Amino acid sequence: METTTAAPQRDALESEIRRIGAELADAFPSNARHPLRALDTRAMELASGDQELKAALFRFVDVVPACRSLDDLARHLKGFLEEVPDAPPSIAVAMRMSNTRAGRAALGAAAASGVKHMAHRFIVGETPSAALGVLRQLWERGVASSVDLLGEATVTQAEADHYAARCNAALEELAHASREWPGREMLERDSSGPLPRANVSVKVSALTPLLRPDAPERGRLDAAERLRPLLRNAHALGAHIHIDMESLDSREAVLELVLDVLSEEEFRDGPSAGVVLQAYLRDSPEQLTRILEWARTGGRTPPLQVRLVKGAYWDHEFVQARQHGWPAPVFEVKADCDRNFEALTASLLEARPAVRVAVASHNLRSVANAIAFNRLSGGEDRDLELQVLRGLGDELQDALASRRFRVRTYCPVGDLIAGMAYLVRRLLENTSNESFLHEQARGTPLDVLLAPP
Ligand SMILES: Cc1cc2nc3c(=O)[nH]c(=O)nc-3n(C[C@H](O)[C@H](O)[C@H](O)COP(=O)(O)OP(=O)(O)OC[C@H]3O[C@@H](n4cnc5c(N)ncnc54)[C@H](O)[C@@H]3O)c2cc1C
């Protein structure tokens, strides 16, 4: 495969972005529900309008994975909502209910049933085997997947072992089941070679209870003990392992862990693996330079896949820095983050074939920019992967698949309690006024949505 080097002219790029953006918008399924309408309208309104409520929900989702019962869940919910001054009437009623055990169970059950309703759109099944039907249907429609095992908080070694065992079992189940799937050339091969059908996304914070910013070495070594068997298994099964990126305080440990372990002799020729780059971080260009140096000098095959995202922990990073009086590590103006995302997209595309590129976004402008830049600089569509989240990117996913782009949908698998934390995070992320999906839902015209950031 040739390296693509000719950077496109600005004007040509802008007009191609508009053309591709309009073509994709046209291909959105007309009768599909809007992604944000799938979220409970009342919950959306409350969360968008009320900063205190939003803050309470943020604190609530942090404890949800540790809840062991509905009663427990309701007690915590009450605790967090008590901090909201001038709570809306629906919340006041919920709080009165949670004063008795029966009321708490009812509130927990109501929350659970509401979550269950929404969860169907965001979570593909409670277990990998329950998810296989949906994953196969997606594949048949030209959509690849990456399975994310939603987990309970990992605070003990036993929980980390349990998570690693679930990942291993999922790898095996997916690898075996996907052998029976029909051929889909676009999803199975790019210029660098074959692409695995089975793909699992893994969180390092779930692979070890020891991941702490003050002692990164301990967490890294402990996680490596569980990552190696996973990589061995993936290699034997011909599957892909993608390591997600979490908050900034674990970034160094995660990146070093992955690059170190993948450099070991045993993993020099597999499995297929990937990392995540977060464009909302001001220092992401330096991180990319570091990843590219590693990829260019290591000579590892298949190439490392880099998934470019904006980042899911913006509020956390911003608030934490403010509390400590530190400068924010994230961009504070959304357009700065979007421009950086486009610059990183260009650098990644130009770095092929040293890396495989995945652009993960629901923002039509960011996606159209990646496709346009790739084409105008001489790249092939099959050498750019586009990724979306299940439930939020369904329309974009269908539009991309109908135009024969390689699209991969990130599919969370897990039970109701784990799903609740995931749902509330997505809810909060998308009720931000800065969110593209929020803008789109408000009916902002297409040429404004596709304008340069
Ligand atoms: C397949 C897939 C995998 C993912 N994996 C990860 C992962 O491993 N780690 C991770 O962190 N995220 C991950 N994400 C989540 C991703 O970061 C969010 O979905 C994404 O940030 C939303 O961006 P967008 O381009 O879809 O939407 P947009 O609406 O264009 O962007 C929203 C994003 O902009 C940023 N932002 C918001 N306000 C501001 C502001 N005032 N100033 C600067 N920036 C701002 C935030 O990052 C926010 O999430 C993944 C997403 C997908 C689709």
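Which element gives the most to the shell around the ligand?

Modeller: The model is a predicted one, and what follows should be read as a description of that prediction. Strand S9 gives the most to the shell around the ligand, contributing three residues. S9 spans residues 385-389 and belongs to a group of elements that each supply two or more residues to this shell. The others in that group are strand S6 (272-278), strand S7 (304-309) and helix H15 (334-351).

Taken as a whole, the ligand is surrounded by 29 residues. The closest of these are Met 245, Lys 310, Gly 311, Ser 361 and Phe 436. Sorted by class, the shell comprises 15 nonpolar residues, together with seven polar and seven charged ones.

For Glu 332, a polar backbone atom is 3.0 Å from a nitrogen atom of the ligand. At Val 333, a backbone N or O atom is placed 3.4 Å from a ligand nitrogen atom. With His 362 the ligand atom is an oxygen, and the distance to a backbone N or O atom of this residue is 2.8 Å. As for cover, the ligand taken alone would expose 960 Å², of which the protein buries 94%.

Strand S10 (residues 406-413) runs parallel to S1 and is joined to S1 by seven bridges; within S10, Thr 409 is the bridge partner of Ser 145. Strand S4 (residues 199-202) also pairs with S1 in the parallel sense, over two bridges, and here Val 200 in S4 is the bridge partner of Val 147.

Finally, a word on cysteines. The structure holds zero disulfides. Cys 167 counts as buried because its relative accessibility is 1%, where the cut-off is under 20%. Cys 411 has a relative accessible area of 0% and is therefore buried as well.

Notes. Residues numbered from 1 in each chain as written. Predicted model: local features only at pLDDT ≥ 70, side-chain atom pairs only at ≥ 80, totals over all residues. Heavy atoms only, no water. Near = heavy atom within 4 Å. Polar contact = N/O pair within 3.5 Å; in protein donor to acceptor, adjacent residues only side chain to side chain. Areas by Shrake-Rupley, 256 points an atom, 1.4 Å probe, with all protein chains shown as cover. Helix = DSSP H or I, 4+ residues; strand = E, 2+ residues; numbered from the N terminus. Nonpolar A, V, L, I, M, F, W, Y, C, P; charged D, E, K, R; others polar. Disulfide = S-S within 2.5 Å. Buried < 20%, exposed > 50% of the residue type's maximum accessible area, 1.4 Å probe, protein only. Pairing = 2+ DSSP bridges.
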